[in-house]
Amino acid sequence: MQPAMVTPLVGTDPRLIQYVRLSFSNEYTTIGTQTTNYGNGRGAGVIAANRFEFDWMIPPYIQHNSSAADGFGDTSLSAKYRIASGDAKHGNFEISSLLSHCFATGSHKNGALTDSFTPTVAAVRDFGRFAFISSASGVLPTGKIAAQGRTVNWHEVAQMHAAKHVWFEVENNASYYFAGSHDGKMQNFVTPSAFYVLRRKDWKPTHSVAVFACGMQIATSGFHTYNHNLISEVRILF
């Protein structure tokens with residue numbers, strides 16, 4: 001029993017889903033250098049015991065197109081717990097908590113200096129053709145705090161079911177930095193996206209089979225480490 005929506009392109013999905021996500025992103029740094037990310041921190045997830053979801057985000061391959069060395073990034077594992085939920089007949093909402101552990105496996109400085117934990121709280125409220133999602137999280141490194149700092153993230157999402165197979169959304173993704181090289185700064189992105197959703201006729205309306213997604217992160221804050229991040233994604237759900 002959970003709302004019929006699609007997983008946000010960037011933000012957290014409060015629902016429990018089983019999936020494989022194949023993602024690709026292409027962004028530009030503040031000096032115009034192109035960075036391509038094959039994998040984009042996505043992976044696969046499975047549901048266990050009705051209230052839990054476990055995810056593995058595979059190490060992405062990062063191509064800098066500059067003097068920086070290309071290589072694989074970090075990998076991470078996460079666990080999601082469904083606190084409460086209801087379908088269209090029972091409130092059309094969901095509230096979940098998550099805990100992720102990022103392992104500093106990146107090669108050639110393509111990852112974090114140390115491991116980190118990220119606790120998250122996420123919620124969604126569905127109003128038929130419209131859905132609103134909100135999540136808050138904090139990135140807590142296990143060491144070298146003076147160099148890495150800590151980050152608080154706040155994501156807001158508005159979705160619209162525009163047609164039988166088509167969804168649109170706009171995300172607002174804000175990050176606040178404490179300590180580290182970005183101490184006291186904030187960066188914000190607005191991300192318009194579109195989704196094409198395929199379903200099986202014999203499945204319930206909430207059971208999509210494949211989702212094709214595309215969107216772009218556009219910096220709206222004076223400080224930002226990258227801009228015009230074009231994200232393309234294919235999802236298989238089961």
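Twelve residues form the largest nonpolar core of this structure: Val6, Leu9, Val10, Ile17, Tyr19, Trp167, Phe195, Val197, Val211, Ala213, Ile231 and Leu237. Strand 13 (186-199), strand 14 (208-219) and strand 15 (226-237) each give two or more residues to this core. The model is a predicted one.

**Second core**
- A separate core of five residues includes Met5, Val124, Ala131 and Val157.

**Nonpolar surface patch**
- At least two patch residues come from each of strand 1 (19-29), strand 4 (52-57) and strand 7 (75-86).
- Tyrosine 81 lies in strand 7.
- Because its relative accessible area is 32%, tyrosine 81 counts as partly exposed.

**Salt bridges**
- Aspartate 13 and arginine 15 pair through their side chains, at 2.9 Å from N to O.
- Aspartate 13 has 5% relative accessibility and therefore counts as buried; arginine 15, at 5%, is also buried.
- Lysine 80 and glutamate 53 form a salt bridge at 3.3 Å, N to O.
- This pair links distant parts of the chain, with lysine 80 in strand 7 and glutamate 53 in strand 4, 27 residues apart.
- Both lysine 80 and glutamate 53 are buried.
- Glutamate 233 and arginine 235 form a salt bridge at 2.6 Å, N to O, and both residues are buried.
- Arg21, Arg42, Glu233 and Arg235 belong to one network, joined by salt bridges that share partners.

Conventions: Residues are numbered from 1 along each chain as its sequence is written. This is a predicted model: local features need pLDDT of at least 70, side-chain atom pairs count only at pLDDT 80 or more; totals for chains, interfaces and linings use all residues. Side-chain values use heavy atoms; hydrogens and water are left out. Helices (H or I, at least four residues) and strands (E, at least two) are DSSP runs, numbered from the N terminus. Buried means under 20% relative accessible area, exposed over 50%, partly exposed in between (1.4 Å probe, protein chains only). A nonpolar core is a set of buried Ala, Val, Leu, Ile, Met, Phe, Trp, Tyr and Cys residues joined through side-chain atoms within 4.5 Å. A salt bridge is a side-chain nitrogen of Lys or Arg within 4 Å of a carboxyl oxygen of Asp or Glu.
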